[in-house]
Amino acid sequence: MKIQFRDVGKEFPVRDSDHTFPALSGVTLDVREGEFLTLVGPSGCGKSTLLDLLSGLTEPTSGEILIDGAPVEGPGLDRGIVFQQYALLPWRTALANVEFGLEAKGVPRTERRELARHYLDLVGLRDFEARYPHELSGGMRQRVAIARSLAFDPDILLMDEPFAALDAQTRESLQEELLRIWEATGKTVVFITHGIDEAVYLGQRVAVMSAGPGRIRTVLDVSFDSREGDLRADPRFGEYRHEIWTLLREEAIPVG
Ligand SMILES: Nc1ncnc2c1ncn2[C@@H]1O[C@H](COP(=O)(O)OP(=O)(O)OP(=O)(O)O)[C@@H](O)[C@H]1O
Ligand SMILES: [Mg+2]
């Protein structure tokens, strides 16, 4: 198993009090090597918290997280992360931001530049390589962040609503591109999204979380006879979507 969450809990201290707030509780989840897993759940249920734990940026309060059978003990070059909010270095151009991770890996300068250009091209920003983050739109910044994590070519790709800020056209082409890259490279991908369609379209399995505190409610297998043609028009697609929608609706906080 590539990634294992074993009975993981995460509590945050509550400011000006002795209490803690349970963001995650009893999370048990396995992700197979080379799998594309999508994660959906109501806002605030702990999706980003779960990804932060996996990235090694924070530590669980209880339980353990294993990668290739070994406990996560901090960030590592095996994992690349695209954050919910674009995290670019403001003093570097788009191109230099994409090159950043490649420097850490020790890729030689010319190759680095070539790779960075290739991935900027892929996200449609060929003509914007010399721009600084503040000279780009929000969606463009997010695309630079995506190019950076793809160029870095990590074993495990962690993505926190990476396409949320993009227009529908760009989102669809990046979804396709991501699937193509995933199929070609056999990376393990954990992808958080608010979009049920996106979860079904991308995921081999969809993990549905519940709130208060966050848990894995169900993990749904998604499979289609063929991925050719318009997947979204496949009757199965609608069935999966409805199943997840129903689960999420049960999670919605009652009004009044
Ligand atoms: N550093 C922190 N300190 C205190 N509480 C936190 C911290 N980070 C997250 N939380 C709380 O933990 C819960 C889960 O937050 P998280 O960001 O993981 O949710 P999410 O599922 O990613 O939500 P969204 O879909 O809106 O991005 C929330 O109630 C949030 O307020
Ligand atoms: Mg989040």
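What follows is a walk through a predicted model of a protein chain with a ligand, from confidence to sheet to ligand shell. Because the model is predicted, local features need pLDDT of at least 70 and side-chain atom pairs count only at pLDDT 80 or more, while totals for chains, interfaces and linings use all residues. Residues are numbered from 1 along each chain as its sequence is written, with chains lettered from A and ligands numbered from 1 in the order in which they are written.

Confidence comes first. The predictor's confidence in each residue, pLDDT, runs from 0 to 100, and its mean over the protein chain is 92, with 98% of residues reaching 70 or more. Helices (H or I, at least four residues) and strands (E, at least two) are DSSP runs, numbered from the N terminus.

Strands count as paired if DSSP finds at least two bridges between them, and six of them make an open sheet with mixed pairing, in the order 6-7-8-3-9-10. Strand 6 (79-82) and strand 10 (215-221) sit at the edges with a single partner strand each, so one side of each has no neighbour in the sheet. From one strand to the next, the twist averages 15°; axes are lines fitted to C-alpha atoms, for helices over the stretch in contact (C-beta atoms, placed from the backbone, within 7 Å), and angles run from 0 to 180 degrees between N-to-C directions. Helix 4 (residues 138-152) lies across strand 6 and strand 7, at about 170° to strand 6.

Strand 8 (residues 188-192) runs parallel to strand 7 (residues 156-160), joined by five bridges. Leucine 157 is partnered with valine 189, and methionine 159 with phenylalanine 191. Strand 3 is also parallel to strand 8, through four bridges, and leucine 39 stands opposite isoleucine 192. A residue is buried if 20 or more other C-beta atoms, placed from the backbone, lie within 10 Å of its own. Five of the five residues of strand 8 are buried, so the strand is largely enclosed by the rest of the structure. Thr188, Val190 and Ile192 cover one side, Val189 and Phe191 the other.

Finally, the shell around ligand 1 takes in residues whose C-beta atom, placed from the backbone, lies within 6 Å, among them Phe12, Phe21, Lys47 and Gln84. Strand 2 (20-31) and helix 1 (47-55) each give two or more residues, with helix 1 giving the most, three.

How values were computed: Contact = placed C-beta atoms within 7 Å. Buried ≥ 20, exposed ≤ 12 C-beta atoms within 10 Å, placed from the backbone.
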